[in-house]
Amino acid sequence: MHILLKKIFLAVALFFATTSLTSCNYNSLVEKQQEVDQAWAQVENQYQRRADLIPNLVNTVKGYSAHESETLIKVTEARAKATSITIDVDNLNEETLAKFQEAQNELSQALKSLLSVTEAYPDLKANENFMNLQTQLEGTENRIATERKRYTEVVKDYNTAIKKFPTTIYAGWFGFSPKPQFKAEAGAEKAPEVKF
């Protein structure tokens, strides 16, 4: 009987120790997941800021370069595509992030084309409204890079936490799955060729 009591006591103590450990780790994972969600919201916020600047930029350029309509149409279409792709943080995975990133990259390329076209219009480059919009756009691109970096850091922390032992055993039970990371654009590994 005495041995049976020891075994029961040991089983109860082990149960409470495991439950306590799991509870602490669970709470930590919840906090890390919230950090990922918040970081993703900031990424989306900065992309939305960029999208909000584009109509004013397009309208300013349109007033100076009516015959550049093809470039303006491409920017407008790329903006529409980029803003139509929204990702609920609960559906954030490799596939949805890749689609989001592809649309954002297309918009970035269209904006580069638009800004390179403006080189042919000295009056436009001197326009105060255009210069202000260009400055805001550059600042927003920096904010996007900063928020993407922060997102990458919190996702790394979260993904590492759910893969560590013993957390990996029960993380899936509670719905904690890996979050996707941004990937470099195709061709980003090649240095640009500079000719003089």
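Searching the whole structure gives eight aromatic pairs. Two rings of Phe, Tyr or Trp (its six-membered ring) are paired if their centres lie within 6.5 Å; planes under 30 degrees apart are called stacked, over 60 edge-to-face, and the rest tilted.

The rings of Tyr26 and Phe176 have centres 5.5 Å apart and planes at 70°, so this pair is edge-to-face. It links distant parts of the chain, 150 residues apart: Tyr26 is in helix H1 (residues 2–64), Phe176 in the segment after H6. Helices here are DSSP runs of H or I with at least four residues, numbered from the N terminus.

Some housekeeping: this is a predicted model, where local features need pLDDT of at least 70 and side-chain atom pairs count only at pLDDT 80 or more, while totals for chains, interfaces and linings use all residues. Residues are numbered from 1 along each chain as its sequence is written, and side-chain values use heavy atoms, with hydrogens and water left out.

Are the two partners buried or exposed? Phe176 is buried, at 6% relative accessible area, and Tyr26 is partly exposed, at 32%. Buried means under 20% relative accessible area, exposed over 50%, and partly exposed in between, with a 1.4 Å probe and protein chains only.

Tyr170 and Phe174 make an edge-to-face pair, with 6.1 Å from centre to centre and 75° between the planes. Tyr170 is buried at 6% relative accessibility; Phe174 is partly exposed at 43%. Elsewhere, ring pairs join Trp40, Tyr47, Phe100, Tyr151 and Phe182 into a cluster.

Now the surface. Tyr26 and Phe174 come up again, together with Phe165, Ile169 and Trp173, in a nonpolar patch of about 620 Å². Patch residues have over 30% relative accessible area and no salt bridge, and nonpolar side chains (Val, Leu, Ile, Met, Phe, Trp, Tyr) are joined within 5 Å, like charges within 9 Å. A salt bridge is a side-chain nitrogen of Lys or Arg within 4 Å of a carboxyl oxygen of Asp or Glu. Trp173 lies in the segment after helix H6 (167–171) and is exposed, at 67% relative accessibility.

Last, helix H2. In H2, Thr71, Leu72, Val75, Ala78 and Ala82 are buried. They sit on the same side of H2, because they cover an arc of only 130° around the axis, taken from the directions from the helix axis to the C-beta atoms. On the face turned away from that buried side, H2 carries the exposed residues Glu70, Glu77 and Ser84.

Notes
Areas by Shrake-Rupley, 256 points an atom, 1.4 Å probe, with all protein chains shown as cover. Helix = DSSP H or I, 4+ residues; strand = E, 2+ residues; numbered from the N terminus.
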